[in-house]
Amino acid sequence: MKICLVGYGAMGHVVADCIGANDTISAIVAPGYYENFEGIDADVIIDFSHHSNIVKIHDFVKKSHMPVVIATTGYSSEELELLNDMKNYAPVLYSSNFSLGVILMNRVVREISPILRESFDVELIEKHHNKKADAPSGTAKMLISSIEGNDEIPCVYGREGMSKRKPLGEIGVHSVRGGTIVGEHEVIYAGLDEVFSVKHEAFSKRIFAKGALIGASWLIGKEKGMYDMEDVLFGGKN
């Protein structure tokens, strides 16, 4: 598998360290390397860069139809439109998190939330390092969507003052930023005389790189369209 890597910061270097013996990084699109995609030879694009790069990725994928793995978050609504449009030209794998454990956690949360949220208060806590720019995290937003299902449930971000928690019907969301925490997400279901929680902790960024590489290998040869890591793990769209 020949990989075009977009972005060569911390995560880009981790991806490079995790590639298998049969894989190669044939091009790097980043400052100090390729400025754009002209002349690159690759089987798939893996993007661990900045959300603003979606413009040039979109333009290249529209012309080349090259499969692309998007592992970047923080997109504006306009940028999300460009990301979504790429599915009309190539297979696109997009996920807020590429950890296999997180994807499994999200699946569990989606399955149990309709059962528990009718009689349990639901709170979500996410923790990341002190350099993370966005809050709540993209993974937290993914989990919130799975808790909600087809319903719109108001979120309360942090708590302050004397107002009591509403009985059911809301999701409490709390973001912690500090030190070098790689990533921790916990969904707490608090009921009468019992508490049930689902939690995932990341101890290294390697789990995200490995997941993206697994996804990239799976994506090659797929029909154009939008895919996510649940498709990769659970055999979704062909």
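Colleague: Let us begin with a single side chain: is Arg117 buried or exposed?

Modeller: Please note that the model is predicted, that local features need pLDDT of at least 70 and side-chain atom pairs count only at pLDDT 80 or more, whereas totals for chains, interfaces and linings use all residues. Residues are numbered from 1 along each chain as its sequence is written, and side-chain values use heavy atoms, with hydrogens and water left out. Burial is read from relative accessible area: under 20% is buried, over 50% exposed, and in between partly exposed (1.4 Å probe, protein chains only). Arg117 is buried, because its relative accessibility is 14%.

Colleague: Which side chain meets that of Arg117 in a salt bridge?

Modeller: Side chains of opposite charge can pair when their charged atoms come close. The criterion for a salt bridge is a side-chain nitrogen of Lys or Arg within 4 Å of a carboxyl oxygen of Asp or Glu. The partner of Arg117 is Glu118, at 4.0 Å from N to O. Glu118 is exposed, with 56% relative accessibility.

Colleague: How many salt bridges are found in the whole structure?

Modeller: The search finds 15. One of the pairs is Asp121 with Arg165, at 3.1 Å from N to O. Asp121 is partly exposed at 24%, and Arg165 is partly exposed at 23%. Both residues also belong to a network of salt bridges that links Asp121, Glu123, Arg159, Arg165 and Glu170. Another pair is Lys199 with Glu201, at 3.9 Å from N to O. Here Lys199 is partly exposed at 44%, and Glu201 is partly exposed at 36%.

Colleague: You have mentioned strand β6; which strands form the sheet that contains β6, and in what order?

Modeller: Strands of a sheet pair through backbone hydrogen bonds, either parallel or antiparallel. Helices (H or I, at least four residues) and strands (E, at least two) are DSSP runs numbered from the N terminus, and two strands pair if DSSP finds at least two bridges between them. The order of this open, five-stranded sheet is β7-β8-β6-β9-β10, with mixed pairing. The twist from one strand to the next averages 15°.

Colleague: In which sense does β6 pair with β9, and in which with β8?

Modeller: With β9 (residues 183-191), β6 (residues 121-128) pairs in the antiparallel sense over seven bridges. There, Lys127 stands opposite Glu184. With β8 (residues 171-177), β6 runs parallel, and seven bridges join the two strands. Val122 has Ile171 of β8 as its bridge partner, and His128 has Arg177 of β8.

Colleague: What is the strand order of the six-stranded sheet?

Modeller: This open sheet runs β2-β1-β3-β4-β5-β11, with parallel pairing. Its edges are β2 (24-29) and β11 (225-227); each has a single partner strand, so one side of each lacks a neighbour in the sheet. Its twist averages 25° from strand to strand. At the β11 end, β5 (residues 91-94) pairs with β11 in the parallel sense over three bridges, and Leu93 stands opposite Tyr227.

Colleague: Turning to helices, why is α5 described as largely enclosed?

Modeller: Nine of the 11 residues of α5 (residues 138-148) are buried, so the rest of the structure largely encloses this helix. Among the buried residues are Met142, Leu143, Ile144 and Glu148. Their cover, judged by contact (heavy atoms within 4.5 Å), includes α4 (100-116), β6, β7, β8 and β9. After α5 comes Gly149, whose phi is positive, near 65°.

Colleague: At roughly what angle do α1 and α6 cross?

Modeller: Two packed helices are described by the angle between their axes and the distance between the axes. Axes are lines fitted to C-alpha atoms, for helices over the stretch in contact, and angles run from 0 to 180 degrees between N-to-C directions. The axes of α1 (residues 10-18) and α6 (residues 206-219) come within 9 Å and cross at roughly 65°. The contact involves Met11, Val14, Val15, Asp17 and Cys18 of α1, with Arg206, Phe208, Ala209, Lys210 and Leu213 of α6.
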